[in-house]
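Q: Please take me through this model by asking, for each term, what it rests on and how the value compares with its definition.

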Amino acid sequence: MGEEDRSVLTRPAPGPDEVRRYGDDRDQLVEIYRGGTGAGLICLIHGGFWRPAYDRTHLRPLASALREEGRTVVSVEYRRVPGDPDASTTDVRAALALAAEVGGPIVVAGHSAGGHLALWAAASAPPPGLVATVALAPVADLVAADRAGLGDGAVAAFLGVGPECRPDLDPIELGPGGSAVTIVHGERDAVVPPAQAHRFAEAHPGTDVVVVPGTGHFALIDPLSSAWPVVHSRLVEPLSVDQP
């Protein structure tokens, strides 16, 4: 599938306008990028196969690009403790509740392992005001991902047990919840294969799957990539619909 362009992971970008905490741990915080008013809110959940080495900073180019056009963004940080997945999900639940206080309607978007957490949240912890969930190259089927050895055994490392033991954390078992769900996946993704998106959609036919031709894994979070117009439209269009 070719070599992945990872440049966005280390590209400098402006930081947030505000940081709010929802707990005492150093990772229990959200970064707020304030755009215009009345345009809704985009919540971002970063990936990194749930490992401590990867944090929210690699989403700053994406968050900053959205802020520059007047969008308000909340970038979620969460604990990433191998073998303790409930720390991550507890934090995502609390962070989304805090984000809802900034003001909705809300689109929750996550990339890779963050896409897994976004899909989990849609079904298990939807924040008030949630209008859409956008999963970018998500790990959407934990059992299949574990069998394929994605991320050098990342699923088992995250869960601490086999994925069959935690169906409550597996998006394909949970379904889309009550909001519209879109999965955007790169055709040439060498990290999380597009089969993950298709398996979720087969199990939940109402899912909108968008496969971006010639695109890898990290291009989906890179506002300088050719995939950006597709990703951008899926993030902002739900906020353009008149809300009741």
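Q: Which residues line the largest cavity?
A: This is a predicted model, in which local features need pLDDT of at least 70, side-chain atom pairs count only at pLDDT 80 or more, and totals for chains, interfaces and linings use all residues. Residues are numbered from 1 along each chain as its sequence is written, and side-chain values use heavy atoms, with hydrogens and water left out. The lining of the largest cavity consists of Leu44, Ile45, Leu59, Leu62, Ala109, Gly110, His111, Leu136 and Ile221.

Q: What makes a space a cavity and not a pocket?
A: On a 1 Å grid over the protein atoms alone, a cavity is a set of points where a 1.4 Å probe fits but cannot get out, whereas a pocket is an open set with protein on both sides within 12 Å along at least five of seven lines; a residue belongs to the lining if it has an atom within 4 Å of a point. By this rule there is one cavity of 30 Å³ or more, and the largest cavity has a volume of about 40 Å³, where a volume is the space filled by probe spheres set on the points, with grid points joined across faces, edges and corners.

Q: Which strands each supply at least two residues of that lining?
A: They are β3 (41-45) and β5 (106-111), and β5 gives the largest share, three residues. Strands here are DSSP runs of E with at least two residues, helices are runs of H or I with at least four, and both are numbered from the N terminus.

Q: How do the residues of this lining divide by class?
A: Seven are nonpolar, two polar and none charged, where Ala, Val, Leu, Ile, Met, Phe, Trp, Tyr, Cys and Pro count as nonpolar, Asp, Glu, Lys and Arg as charged, and the others, Gly among them, as polar.

Q: What is known of the largest pocket, and which residues lie nearest its centre?
A: The largest pocket holds about 280 Å³ of space and is lined by 15 residues, with Arg6, Phe49, Tyr54, Val191 and Phe218 nearest its centre. By class, this lining has five nonpolar, seven polar and three charged residues.

Q: How do you know whether histidine 217 is buried or exposed?
A: Its relative accessible area is 1%, so histidine 217 is buried. Histidine 217 lies in the loop between β8 (208-212) and α8 (228-240). Leaving aside residues up to four places away in sequence, histidine 217 touches Glu4, His111, Ser112, Ala137, Asp189, Val191 and Val192, a contact being heavy atoms within 4.5 Å.

Q: How do you know that the radius of gyration agrees with a compact globule?
A: The radius is taken over C-alpha atoms, and the globule rule is 2.2 Å times the number of residues to the power 0.38. For 244 residues a compact globule would come near 18 Å, and the chain has 16 Å, so the value agrees.

Note on methods: Buried means under 20% relative accessible area, exposed over 50%, partly exposed in between (1.4 Å probe, protein chains only).
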